[in-house]
Amino acid sequence: MDADLLLILPLVLPLAAAVLALLFRNVPRVQAGINLISMSGVLAVSLGLLAMINEQGIQSFASGGWPAPFGIVLVADYLSVIMLIVSAIIGVAVAVYAIPNIDAERVHFGFYPFMNLLMLGINGSFLTGDLFNLYVWFEVMLISSFVLIVLGNTEDQLAGAVKYVMINLVSSLFFLTGAGLVYGTAGTLNMAELALVLNEVESSGLVTIISMMFLISFGIKAALFPLFFWLPASYHTPPAAVSAFFAGLLTKVGVYAMIRVFTLLFTQDIGYTHTTMLMWVAGLTMVTGVLGAAAQNDFRRVLSFHIVSQIGYMIMGLAIYTPLALIGAVFYIIHHIIVKANLFLVSGVAQRLGGSFSLKKLKGLYAHHPGLAILFLIPAFSLAGFPPLSGFWAKLVLAKAGIEAGAYGIVAVAIAVGLFTMFSMTKIWVKAFLPGSSDPDAAENDATERRPMTMGTRLMYVPIAALAGITIMISVFAGPVFDLAERSANELSDSSAYIEAVLGHEESAADPYTRLDLDRRSGGVHAP
Amino acid sequence: METLLAFVIGALVAIAVYQLQRRDLVRMVIGIVILSNAVNLLLFTLGRMTRAEAPLIELGAKLPPEGSANPLSQALILTAIVIGFGLLAFSLVLVYRAYRSLDTVDAQDFVELEFDDA
Amino acid sequence: MRLSLILRTAARLLVPLMILFSVFLMLRGHNEAGGGFIGGLVSASAFALYAMAYGTQDARRALYADPRTLMASGVGIALVSALIPLFSGAPFFKGLWTTLPGGVKLGTPILFDIGVYLLVVGMTLVVIYELDDDGLSLFPRDNRPGTTPPSSPAA
């Protein structure tokens, strides 16, 4: 198939699906079908794109026929495609899960259109090769996620959404400021050209300051210490299908953006940006996330805090910044998205069967639903890094990279945090799945009533089992996944292939048509 | 001109930060609006301040006339304004909805709401 | 707020003018200042004015179409305008032009502008109606039937 078509279909499919779903807004079945088709289509296209990159290297497409760096380019390298595939897998899983999980009222108010718009924003963020365009895709993603998080208008959701919206708006403005400063300094927003130009800027201090703007902005989106408070305040409020999608993907878009800018653009002062700032942030994120989780008593709030601590691992890989560490970060992202989304999906079934998300009310699920218990254990153990599951391999690679690079402190933190993660997962297991304590008051509570298995609940098992299967596949076939992560890490370590794929030959970049009369290489906004 | 605008942007950011520190959600939204305008102005300034013509390409020409303004930063601001408009509309509806349901716009109450159920 | 006779009379005169002006702005957009976005805003403010004068119930009726349908068709039209070049072998989003007999130029950018126009009208009206259905006292309250149509929470 045509490479250009493969690059635009991940954007066109969800947008077309959103339009159709909005037009068919009174026919929920049709909407669910459209949603499933669009998500599966994106998955198929992403796999096709991976095959194409395997054969022909990094693909790029200039929209409207405007050559880079003047037009907006879409670029697919290994990292982009891996992210596309994994998020499409989550998209398909959630599309199935949503059919029984999302009530008629939420469907009526536009669940499916906004789900597809969210997918559009996520795919756009992964594919774009232009910094300002990345901002636009972030906004597409944000506004759809805003709508999805309040959809249903319960008090919990409104209270959570206000925090989510406010802090993310501020984050967007940081991003916009950063993009503006980059443009003012370098005179371009094309990421491949920026990779060349930013290295030539004389006042490297200014570039470092700009990189910190991006650290703050993406740090809010990725829920890094100390900017993560919005996440546990909001992710437990929407229905399980929505929170699983958010938990799997939204913060990871922030991580993706961070990996992209801190490998391609801001590599001038690694000693400060990576080895100092990112390293400290990664360690503190891991620790605060896992400690926060220990204090929670809601199934999804425990999981939410664990998202925070797991993000720390990915950033740790970026902070160490050796090829092996980048492999670890990419591997960790693949593993984490699948596992974390799955745990949220499990929490939704637990809520259906046990009547609550609260760990104080849930109990004894194992006795009645051993299947669910096993499906919980697979991702939970994997998350904690229990050998031989996928999380173990991810953590092993990161630890090895850390030791090789001499970053013993962060490795110690990572291992300790892994143990604490085990503690949290055990806590959920004991409280929700094992028979309750001998407290007689609790036994009388309504939570002991058992909901019967319905058709809908059975359907919810399908994506959970599928994702658990994928986790096992990643664990057993860790070698091929590692290879894939390695190829991606090689591209990240050496950006020349990316730059060449986008800019092509130097003479096309010298086209005077839109070349702006900026003092682009003079170094600094206020340079005389 | 740049110096003047730098001070204007600084003043706007200061106002916005002050508003964002308030406990009233409506004021926080106003703070975000002011902040987004400050950022737009920053984008505009970073596109370089020059006395120039509007960058409209004459009929039949391929290039904008010599000495025309930088169109890219204007395009960026325009995009940012449109996005900001959508976000403002959304956040106003959200705050209003939250007020109707929770009967408060005080940020402190929202903090307490979070810890009630834990 | 009571229904104001002055506002109602003025609205009856102004609304058609504003809509006409919005279409003018949209079509002018390709070569001069204007465009789908600003045209859509002017048109939406025409309907907002109508809603202030006569109430949102009447304004909804005057619009015929549901604003959400407008949003969907707007995005759809814009998407089609971006896809058309693919069929003639040009890259996605390339602007294609054709000249009709009589020297009128038609092209995909116009289609895109029409899409933006519809989207902006739809979205702005969803927000305005949304605020009103919940009881914001900006709009006249009388002759409201007890049952208001369900409104999307924030769409």
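Colleague: In what order do the elements of chain B run from the N terminus on?

Modeller: Such an order is read from helices (DSSP runs of H or I, at least four residues) and strands (runs of E, at least two), numbered from the N terminus. In chain B the order is α-α-α-α, and the tally is 4 helices and 0 strands. The model is predicted: local features need pLDDT of at least 70, side-chain atom pairs count only at pLDDT 80 or more, and totals for chains, interfaces and linings use all residues. Residues are numbered from 1 along each chain as its sequence is written, chains are lettered from A and ligands numbered from 1 in the order in which they are written, and side-chain values use heavy atoms, with hydrogens and water left out.

Colleague: What radius of gyration does chain B have, beside that of a compact globule of 118 residues?

Modeller: The radius is taken over C-alpha atoms, and the globule rule is 2.2 Å times the number of residues to the power 0.38. For 118 residues a compact globule would come near 13 Å, but chain B has 20 Å. Along the principal axes, the C-alpha atoms of chain B fill a box of roughly 65 × 30 × 20 Å. Of its 118 residues, 37% are buried, a word that means under 20% relative accessible area, with exposed over 50% and partly exposed in between (1.4 Å probe, protein chains only).

Colleague: How many helices and strands does chain A have, and why is it described as compact?

Modeller: Chain A has 23 helices and 2 strands. Its radius of gyration is 23 Å, close to the 24 Å that the globule rule gives for 528 residues, so chain A is as compact as a globular protein of that length. The C-alpha trace spans about 75 × 55 × 40 Å along the principal axes, and 65% of the 528 residues are buried.

Colleague: Which share of the contacts in each chain joins residues at least 24 apart?

Modeller: A contact means heavy atoms within 4.5 Å. Among contacts between residues at least 6 apart in sequence, 83% in chain A join residues at least 24 apart. In chain B, 52% of the contacts with a separation of 6 or more come from residues 24 or more positions apart.

Colleague: At what angle do helices α16 and α18 of chain A pack?

Modeller: Axes are lines fitted to C-alpha atoms, for helices over the stretch in contact, and angles run from 0 to 180 degrees between N-to-C directions. Helix α16 (residues 370–384) and helix α18 (residues 408–433) of chain A pack at about 165°, with axes 9 Å apart. This makes α16(A) roughly antiparallel to α18(A); under 35 degrees counts as roughly parallel, over 145 as roughly antiparallel, 65 to 115 as roughly perpendicular and the rest as oblique.

Colleague: In which hand does α6(A) pass α11(A)?

Modeller: That crossing is left-handed. Helix α6 (residues 131–150) and helix α11 (residues 240–265) of chain A pack at about 165°, with axes 12 Å apart; they are therefore roughly antiparallel to each other. The residues in contact include Phe138(A) and Met141(A) of α6(A), and Phe246(A) and Leu250(A) of α11(A). By class there are 13 nonpolar, 1 polar and no charged residues.

Colleague: Is Ser488(A) buried or exposed?

Modeller: Ser488(A) is buried, because its relative accessibility is 1%. Ser488(A) lies in helix α21 (residues 478–493) of chain A. Leaving aside neighbours within four places in sequence, Ser488(A) touches Tyr78(A), Leu79(A), Ile82(A) and Val330(A).

Colleague: Which residues does a cis peptide bond join?

Modeller: One such bond joins Phe225(A) and Pro226(A), with omega about -5°; Pro226(A) is in the loop between α9 (204–222) and α10 (230–234) of chain A. Another joins Pro387(A) and Pro388(A), with omega about 5°; Pro388(A) is in the loop between α16 and α17 (390–404) of chain A.

Colleague: Where is Asp103(B) found?

Modeller: Asp103(B) is in the loop between α3 (71–102) and α4 (107–116) of chain B. Its phi is near 60°, a positive value in a residue other than glycine, and Asp103(B) is exposed, with a relative accessible area of 61%.

Conventions: Left-handed = near helix turned anticlockwise from the far one by under 90°. Nonpolar A, V, L, I, M, F, W, Y, C, P; charged D, E, K, R; others polar.
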